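Hi,

Here is the structure I promised to pass on. Please have a look, then read my notes below.

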Amino acid sequence: IWDYIQYDLVFHLGEGHYNKGESNPAEYNKSQSITFVNPVSNKQGYAFDGWYDAVTNGNKHTGISIGTIDDKTYYARYKIIEYGIAYQDTYNTTNTNPTSYTIETETITLNSLSGRNGYTFIEWQDIEGEKVTSIPKGSSGEITLKAVWEIIDYTITYSNTFDLDNTNASGYNVETSTITLS
């Protein structure tokens with residue numbers, strides 16, 4: 001009777017863990033094909049990047065192919081997650097704020113917008129309508145910010161009316177319909 005030689009599999013999780021009920025086998029033989037189970041990072045803002053055959057550099061592996069032999073050791077590596085920042089209601093103004101960040105990015109102080117004719121930029125708000133002035137270091141997750149604008153009202157001053165009653169409009173803004181003077 002022939003038995004296949006069993007080879008050891010060692011997995012170093014680093015700063016991660018398996019989900020409940022999941023793990024990789026501790027041994028294998030050359031008749032087996034194994035797809036590795038991926039761990040979850042213990043560190044917020046990081047995600048599993050792959051199993052490598054060396055602590056640094058090395059080759060990335062997703063499993064063992066039939067016919068593979070020898071003891072194997074694999075090291076989990078994690079990468080920082082880059083989160084997006086979406087800006088709404090910017091109306092083609094120049095927005096110098098960043099469009100992404102990571103949990104390690106220094107605190108981002110949000111810049112105001114300018115260049116929207118007839119409006120003044122008031123503030124940035126999150127999707128709950130709360131004012132946002134910065135994104136603190138250590139934050140994580142996708143962010144959507146909405147620009148809040150205030151319409152500028154302009155005053156019309158009439159000269160040389162000779163103290164006559166003036167029924168013309170006294171002001172306007174960019175949303176005012178055409179003003180016809182009497």
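Asn24 is buried, at 11% relative accessibility (buried is under 20% relative accessible area, exposed over 50%, partly exposed in between, with a 1.4 Å probe and protein chains only). Asn24 sits in the loop between β2 (16–17) and β3 (27–28). Strands are DSSP runs of E, at least two residues, numbered from the N terminus.

One note on provenance: this is a predicted model, where local features need pLDDT of at least 70, side-chain atom pairs count only at pLDDT 80 or more, and totals for chains, interfaces and linings use all residues. Residues are numbered from 1 along each chain as its sequence is written, and side-chain values use heavy atoms, with hydrogens and water left out.

Back to Asn24. Its side chain makes a polar contact with the side chain of Tyr18, at 2.9 Å. A polar atom of the Asn24 side chain also lies 2.6 Å from the backbone nitrogen of Val37. (A polar contact is a pair of N or O atoms within 3.5 Å; within protein, one must be able to donate a hydrogen and the other to accept it, and residues adjacent in sequence count only if both atoms are side-chain atoms.) Beyond its neighbours within four places in sequence, Asn24 is in contact (heavy atoms within 4.5 Å) with Phe11, Tyr18, Thr35, Phe36, Val37 and Trp51.

Now the rings. The structure holds 13 aromatic pairs. Rings of Phe, Tyr and Trp (its six-membered ring) pair if their centres lie within 6.5 Å; planes under 30 degrees apart are stacked, over 60 edge-to-face, the rest tilted. Phe11 and Tyr74 are stacked, 5.7 Å centre to centre with 25° between the planes. They are 63 residues apart: Phe11 is in β1 (residues 7–12), Tyr74 in β9 (residues 72–80). Phe11 is buried at 15%. Tyr74 is buried at 3%.

Two charges sit over rings. The charged end of Lys43 is over Tyr46, 4.3 Å from the ring centre. That of Arg116 is over Trp149, at 5.3 Å. The test: NZ of Lys or CZ of Arg within 6 Å of the ring centre and within 35 degrees of the ring normal.

Last, a sheet. Five strands form an open, mixed sheet in the order β11-β10-β16-β13-β14. Strands pair if DSSP finds at least two bridges between them. β11 (100–101) and β14 (131–132) stand at the edges, each with a single partner strand, so one side of each lacks a neighbour in the sheet. β10 (residues 83–88) runs antiparallel to β11, joined by two bridges. Gly84 stands opposite Ser100 in β11.

Best wishes

Definitions and conventions:
Helices (H or I, at least four residues) and strands (E, at least two) are DSSP runs, numbered from the N terminus.
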